[in-house]
Amino acid sequence: MRSPNRTHALRLLVAWAVLSVIGIVAVMQIQFPPGDQSRQAADQSSLLSLMAVLSTPVFVGVVLFLIYAALAFRRGKVLEDGPPSYGNIRVQVAWIAITAVVVFFLAGIGITQLASASSSTDFSGTQLGTSSPVGGAGQALQVQVIGQQWYFTYRYPDFGGVESLHLVLPVDANVEIHVTSTDILHSFWAYQLGVKADANPGVDNIAYVTTTHTGSFTVRCAELCGIWHGNMSDTSGKVVSQSDFATWVAQLQKDEKDTPVPPYAPAYFPSPRVKGS
Amino acid sequence: MGARLVVVLLATAALAALVAGFVIGFALRFPEPLAATPAQAGPGFSVQLETVAAVGTAIENPRPDDPHPTWVGYLPTTTLTVPANSLITITIHQEDTPSGLRNPYWATARGIEGGTFHMTYFDDKGNPQEGDFSAITDPANAAHTFAIPDLGVFVPLEGVNANAPPNSMNVISFSFRTGAPGVFHWQCFVPCGSGTIYGNGGPMQTLGYMGGFLVVQ
């Protein structure tokens, strides 16, 4: 006759396997943020999906065991003490090893994706980079994001430092986003592009993005920056075709040719520190 | 022991009531609304505002009992109600001296009818001048800006020239169109909070001085 422990273990194993498969299939249907408007955003989505898939069997196992134990081993009418437990080397080795493998595997993938998202070696040979007379061969498009209380403006150093109220990017382009601020700390968060970068005065904080789809995106400030922080958002960010971008930037240069802007610099310093008295 | 517990409970309740009262009072405190009136000349509706170096000593709408009489401000209020789908003309009696824009980009007007604002001002010799402009000549001469970012409206307000006669004001007027009803924030982009770090504290961070709500209804 099979021991009662083996029966419990077998039941749990079968239920765990079935529920885990169902759970994994369900989790794979979820569209994880931030989407796929850029390669970096798609990487983040797939990484979140992978983490959810890997954590599903763990979640199912823990919850299943808790519920099963509460039902199968609940106290009967007679109060009796269970046998003493002195630990189980095999179980301990197994859970530490499995956890370690999962954690190191995820850490490896996470670090690889982080490095690839910000690797400048990737930024060569794009359609814009190779064909643009301004950016030069192998150069990514540079865009400067300027945080100020309470609006983000955008400068295009490749196009004479012209400044815009909205961020417009060409599709299929490698873009270096240089994030800075003219006053206090802000944080540039272009949700669908998968970019969130601190905007600090006097600092040139660089984020990388490779656009893959045309469409609009939302920009928000992700650092509490004062009374109108909640209004520091813009739903008019756009990824457009290369030709539309060329038309747009040419029109912007024409419209803004008389607009005063400071000499282009990697970062700006607020001054004076205290104005008046 | 029992008495001590009661004291602690009462003190905790009193503290919680104070904090709740402060938060609720802060969240519900809005400057009195000012409604746009039908324009006397031309179509649409108009709003008249005054910008001053110190709300306690304004020429037209002084607020001597204001808790911050030395702060810069838009007067008489910063909650403006305007009709939806209408032409709104804002006239600003600008009495403050230049403070300077940190980002010169805001020296150009955007999002207004015809692309220009009308301004009466004083030149370097202190003589009155008048004209239509799409920008102020020097970003360093901006006293304030009137900006409704979500409607794309940005208008620089030139500071009163140092050579102008005492109690002079620049009068700036411009129009924009409202769309569907909604509540939009408006603000100044000149860091004009004197005595605060980088000029962005005090009146820049408090409703009723350098920012408020445009209620489109």
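The C-alpha centres of domain 1 and domain 2 of chain A lie 36 Å apart, and I'd like to start there, keeping in mind that this is a predicted model. The assignment for chain A places residues 4-71 and 90-117 in domain 1, and residues 127-255 in domain 2.

So what joins the two domains? In chain A, eleven residues of domain 1 are in contact with 14 residues of domain 2. If you look at the domain 1 side of that contact, helix α2 of chain A, residues 39-72, gives the largest share, with five residues. By type, that domain 1 side holds four nonpolar residues, five polar ones and two charged ones.

Now please turn to the sheet in chain A. It is an open, mixed sheet of five strands, and the order is β4-β10-β9-β6-β7. Which strands stand at the edges? They are β4 (168-170) and β7 (195-199) of chain A; each has a single partner strand, so one side of each has no neighbour in the sheet. On average, neighbouring strands here are turned by 25 degrees against each other, if you ignore direction.

Let me zoom in on one of those pairs. In chain A, β6, residues 186-190, runs antiparallel to β7, and five bridges link the two. As an example, Ser187(A) has Asp198(A) in β7(A) as its bridge partner. There is also a helix on this sheet: α5 of chain A, residues 242-255, packs there and touches β4 and β10 (233-240) of chain A. The direction of α5 makes about 135 degrees with that of β4(A).

Next, the two chains together. Here 24 residues of chain A are in contact with 19 residues of chain B. On the chain A side, the elements giving two or more residues are β1 (141-148) and β2 (151-156) of chain A. That side divides into eleven nonpolar, nine polar and four charged residues.

In soluble globular proteins, nonpolar side chains tend to be buried together. The largest nonpolar core in this model has 48 residues, and the members that touch the most others are Val155(B) and Phe174(B). Strand β9 of chain B, residues 142-148, contributes the largest share of this core, five residues.

And what does Phe174(B) contact, leaving aside neighbours within four places in sequence? The list is Ile90(B), Ala109(B), Ile112(B), Phe117(B) and Val155(B). A second, separate core has 41 residues, including Ala140(A), Val162(A), Val195(A) and Val249(A).

That's my tour, and I'm happy to take questions!

Note on methods
Residues numbered from 1 in each chain as written. Chains lettered and ligands numbered in written order. Predicted model: local features only at pLDDT ≥ 70, side-chain atom pairs only at ≥ 80, totals over all residues. Domains from an automatic or database assignment. Contact = placed C-beta atoms within 7 Å. Helix = DSSP H or I, 4+ residues; strand = E, 2+ residues; numbered from the N terminus. Nonpolar A, V, L, I, M, F, W, Y, C, P; charged D, E, K, R; others polar. Pairing = 2+ DSSP bridges. Axes fitted to C-alpha atoms, helices over the stretch in contact; angles between N-to-C directions. Core = buried A, V, L, I, M, F, W, Y, C linked by C-beta atoms within 7 Å. Buried ≥ 20, exposed ≤ 12 C-beta atoms within 10 Å, placed from the backbone.
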